[in-house]
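The sequence and structure are shown first.

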Amino acid sequence: MTKKTRPDIDEYFLKIASVVAERSTCRRHHVGAVAVKDKHILATGYNGAPAGLKDCLELGCLRDELGIASGTRQEICRGIHAEQNVIIQASLHGVSLEGATIYVTHSPCILCAKMLVNAKIKRFVTFGKYADDSFLSLFREAGIEFELHKKPPSGITRLP
């Protein structure tokens with residue numbers, strides 16, 4: 001019988017980001033983000049339309065209709081990215097993300113990467129690759145650690 005082990009802290013928060021992603025209203029990617037500092041959740045965010053407005057599940061995907069490839073022309077989308085929403089949620093509640101780790105189900109686009117640099121995060125942890133890698137040099141220059149982990153198991157680990 002295989003002994004079950006307790007998830008390490010990165011796996012734990014990546015699993016939480018996966019659950020947050022379940023709230024996404026994007027037809028292409030379900031992305032979840034969790035901002036963490038000192039092992040405490042500061043804010044969460046997922047990708048979707050601005051609060052209170054019609055979303056892609058209701059209206060359809062403009063990017064699909066126009067044949068726009070993933071990783072390009074992010075401005076042609078009614079959705080807000082999970083990283084943007086985690087920054088906005090922290091701001092709305094007066095929470096600084098300075099020095100935080102952001103756990104996200106996908107690597108960031110360049111626009112989100114710029115915002116995360118200005119939010120002064122120190123670490124970005126993910127298990128998924130987005131089609132745009134231009135954030136890597138920006139993160140290096142800003143001193144933000146980037147870690148790509150294995151996708152955590154979706155099941156709940158129960159210890160004996």
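## Pockets, cavity and an arginine

The second largest pocket has a volume of about 280 Å³. This value, like the others below, was computed on a predicted model. Fourteen residues, written as 14 in the table, line this pocket, and those nearest its centre are Tyr 46, Ala 49, Pro 50, Ala 51 and Asn 85. Two elements, strand E2 (40–46) and helix H4 (82–92), each give two or more residues to the lining of the second largest pocket. Strand E2 gives the most, with three residues. By class, the lining of this pocket comprises six nonpolar, six polar and two charged residues.

The largest pocket has a volume of about 390 Å³. Its lining is made up of 20 residues, and Lys 15, Val 19, Pro 153, Ser 154 and Gly 155 are the closest to the centre. Ten nonpolar, six polar and four charged residues form the lining of the largest pocket.

A search of the whole structure also finds one cavity of 30 Å³ or more. The volume of the largest cavity is about 300 Å³. Of the 23 residues that line the largest cavity, Cys 26, His 29, Asn 47, His 81 and Tyr 130 are the closest to its centre. The lining of the largest cavity divides into ten nonpolar, ten polar and three charged residues.

| Space | Volume | Lining residues |
|---|---|---|
| Largest pocket | about 390 Å³ | 20 residues |
| Largest cavity | about 300 Å³ | 23 residues |
| Second largest pocket | about 280 Å³ | 14 residues |

One residue of the second pocket also takes part in a side-chain contact. Tyr 46, among the residues nearest the centre of the second largest pocket, is joined to Arg 23 by a polar contact of 3.4 Å between their side chains. Arg 23 lies in the loop between helix H1 (9–21) and strand E1 (32–37).

Is Arg 23 buried or exposed? Arg 23 has a relative accessible area of 57%, and because the exposed class begins over 50%, Arg 23 counts as exposed.

A further distance places Arg 23 relative to another arginine. Arg 23 and Arg 158 are 135 residues apart along the chain, and their C-alpha atoms are separated by 25 Å.

Notes. Residues are numbered from 1 along each chain as its sequence is written. This is a predicted model: local features need pLDDT of at least 70, side-chain atom pairs count only at pLDDT 80 or more; totals for chains, interfaces and linings use all residues. Side-chain values use heavy atoms; hydrogens and water are left out. On a 1 Å grid over the protein atoms alone, a cavity is a set of points where a 1.4 Å probe fits but cannot get out, and a pocket is an open set with protein on both sides within 12 Å along at least five of seven lines; lining residues have an atom within 4 Å of a point. Grid points are joined across faces, edges and corners, and a volume is the space filled by probe spheres set on the points. Ala, Val, Leu, Ile, Met, Phe, Trp, Tyr, Cys and Pro count as nonpolar, Asp, Glu, Lys and Arg as charged, and the others, Gly among them, as polar. Helices (H or I, at least four residues) and strands (E, at least two) are DSSP runs, numbered from the N terminus. Buried means under 20% relative accessible area, exposed over 50%, partly exposed in between (1.4 Å probe, protein chains only). A polar contact is a pair of N or O atoms within 3.5 Å; within protein, one must be able to donate a hydrogen and the other to accept it, and residues adjacent in sequence count only if both atoms are side-chain atoms.
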